[in-house]
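Hi everyone, thanks for coming. Let me put the structure up on the screen, and then we can walk through a few places together.

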Amino acid sequence: MLADSYGRVATDLRVSLTDRCNLRCAYCMPPEGLDWLPSDQVLTGDEIVRLIRIGVTMLGIREVRFTGGEPLLRRDLTSIVSRTAALEPRPEISLTTNGIGLARRVVDLREAGLDRINVSLDTLRPEVFRKLARRDRLPDVLSGLEAAAAAGLTPVKVNTVLMRGINDDEAPELLRYCLAHGYELRFIEQMPLDAQHGWSRTGMVTADEILKALSSYTLTPDDARARGSAPAETFLVDGGPARVGVIASVTRPFCGTCDRVRLTADGQVRNCLFAREESDLRAALRGGAPDAEIAARWEAAVAVKLPGHGINDPSFLQPDRPMSAIGG
Ligand code: SAM
């Protein structure tokens with residue numbers, strides 16, 4: 001079991017498949033991109049599947065989410081999904097993606113065993129998309145979303161980050177669009193994880209502001225759905241059954257129920273997006289360590305998980321790695 005000293009057990013593994021991305025979202029990375037990891041440092045498909053197998057068969061991992069960077073940039077994604085789906089006990093498998101190229105690949109991913117999908121969509125306005133993501137790819141994202149729903153990955157979840165003065169006036173419009181298409185929208189508070197360290201508390205659009213912006217809808221807390229360890233606080237929209245969620249990592253932290261553990265594309269275990277420490281599983285893997293030794297290292301890494309992310313502590317220091325290199 002991946003237990004920490006505060007009684008939490010990690011059962012949800014977030015696997016970053018690459019630190020590369022084909023967008024340059026302003027809250028994530030600078031326009032020129034970043035120095036990507038050298039390819040020999042990135043785990044191979046076999047290495048990733050071996051670590052997932054150890055997590056699932058020896059350490060109690062029940063859910064595996066593939067993320068990045070942009071996971072669709074990995075050509076071997078479908079094979080990684082199908083090999084993960086073949087594990088016993090079979091974990092739930094999900095994907096977080098910007099949707100570019102998804103329309104071409106989603107049927108194969110579904111057939112390989114993908115259970116759920118989150119697609120990031122911050123705006124419905126092409127000119128805002130160009131400004132925020134610094135690429136002209138809104139139609140690709142929208143067609144990716146439609147293809148995911150057509151492939152049966154329902155309800156498709158949509159992740160939105162609002163930035164003040166850029167897209168913070170679009171909350172009702174985005175919700176209307178998602179309701180019309182049967183997608184479940186969740187707003188994510190902007191977190192201090194951008195490579196250029198441009199985040200500021202006053203610049204961040206808070207959960208309270210997001211909910212106020214949606215005041216033309218009647219939102220009631222979704223008591224029927226136990227929140228458990230879910231990051232999103234969910235609300236029924238106009239009596240339901242449609243829902244909207246808010247992930248308020250900064251203003252309403254939920255670290256006490258966290259069941260997540262992260263594996264970076266270069267094989268480092270991280271207990272939190274904001275962790276300043278990592279544990280190197282790649283060295284053990286490439287040094288010929290048997291499964292039991294890797295499992296023991298992983299357990300030791302999670303055992304020292306801190307009680308919270310500390311964003312609101314005066315001593316908070318942003319982690320060295322940006323979101324794209326950790327896996328969101
Ligand atoms: N490329 C994929 C995507 O766009 O969904 C997966 C990786 S991305 C890092 C995962 C999620 O993190 C996206 O929904 C993105 O909007 C969100 N994200 C990135 N930087 C963030 C930040 N500084 N604060 C909050 N969310 C952020």
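Which residue does arginine 243 meet in a salt bridge through its side chain? The partner is aspartate 222, with an N to O distance of 2.5 Å. Please keep in mind throughout that this is a predicted model. The pair links distant parts of the chain, 21 residues apart. Arginine 243 sits in strand E9, residues 243-247, while aspartate 222 belongs to the loop between strand E7 (219-221) and strand E8 (233-237). Is aspartate 222 buried or exposed? Buried, because its relative accessible area is 6%, under the 20% limit. Arginine 243 comes out at 22% and counts as partly exposed.

Let's stay with charges for a moment. Across the whole structure, the search finds 26 salt bridges. Another one that links distant parts of the chain joins arginine 90 and aspartate 115, which are 25 residues apart. Their closest N and O atoms are 2.9 Å apart. You'll find arginine 90 in the loop between helix H2 (77-85) and E3, and aspartate 115 in the loop between helix H3 (102-112) and strand E4 (116-120). Arginine 90 is partly exposed at 38%, and aspartate 115 is partly exposed too, at 22%.

For a local example, look at helix H9, residues 291-303. Arginine 297 and glutamate 293 both lie there, 4 residues apart, about one turn of the helix. Their side chains meet in a salt bridge at 3.2 Å, N to O. Both ends are partly exposed: arginine 297 has a relative accessible area of 39%, and glutamate 293 has 33%. There is also a network of salt bridges that links Arg125, Asp169, Glu170 and Glu173.

Now back to E3, which covers residues 92-97 and includes threonine 97. What does the side chain of threonine 97 have within reach? One of its polar atoms lies 2.9 Å from the backbone nitrogen of glycine 99. Threonine 97 counts as buried because its relative accessibility is 2%. Beyond its neighbours within four places in sequence, threonine 97 is in contact with several residues, among them Glu70, Leu72 and Leu102. The list also includes Ile117, Asn118, Val119 and Ser120.

Next, some backbone geometry for those of you who like to check torsions. The peptide bond from glutamate 88 to proline 89 is cis, with omega near -5°, and proline 89 is in the loop between H2 and E3. A cis bond also joins threonine 154 and proline 155, with omega about -5°. Proline 155 falls in the loop between helix H5 (138-150) and strand E5 (157-161).

Last stop, the second largest pocket. How much space lies in it? About 190 Å³. The lining includes Leu17, Asp19, Arg20, Ser39, Arg74 and Arg75, and the lining residues divide into 4 nonpolar, 3 polar and 4 charged.

That's the tour, and I'm happy to take questions.

Note on methods. Residues numbered from 1 in each chain as written. Predicted model: local features only at pLDDT ≥ 70, side-chain atom pairs only at ≥ 80, totals over all residues. Heavy atoms only, no water. Helix = DSSP H or I, 4+ residues; strand = E, 2+ residues; numbered from the N terminus. Buried < 20%, exposed > 50% of the residue type's maximum accessible area, 1.4 Å probe, protein only. Polar contact = N/O pair within 3.5 Å; in protein donor to acceptor, adjacent residues only side chain to side chain. Contact = heavy atoms within 4.5 Å. Salt bridge = Lys/Arg side-chain N within 4 Å of Asp/Glu carboxyl O. 1 Å grid on protein atoms, 1.4 Å probe; cavity = no way out; pocket = protein on both sides within 12 Å on 5 of 7 lines; lining within 4 Å. Points joined across faces, edges and corners; volume = space filled by probe spheres on them. Nonpolar A, V, L, I, M, F, W, Y, C, P; charged D, E, K, R; others polar.
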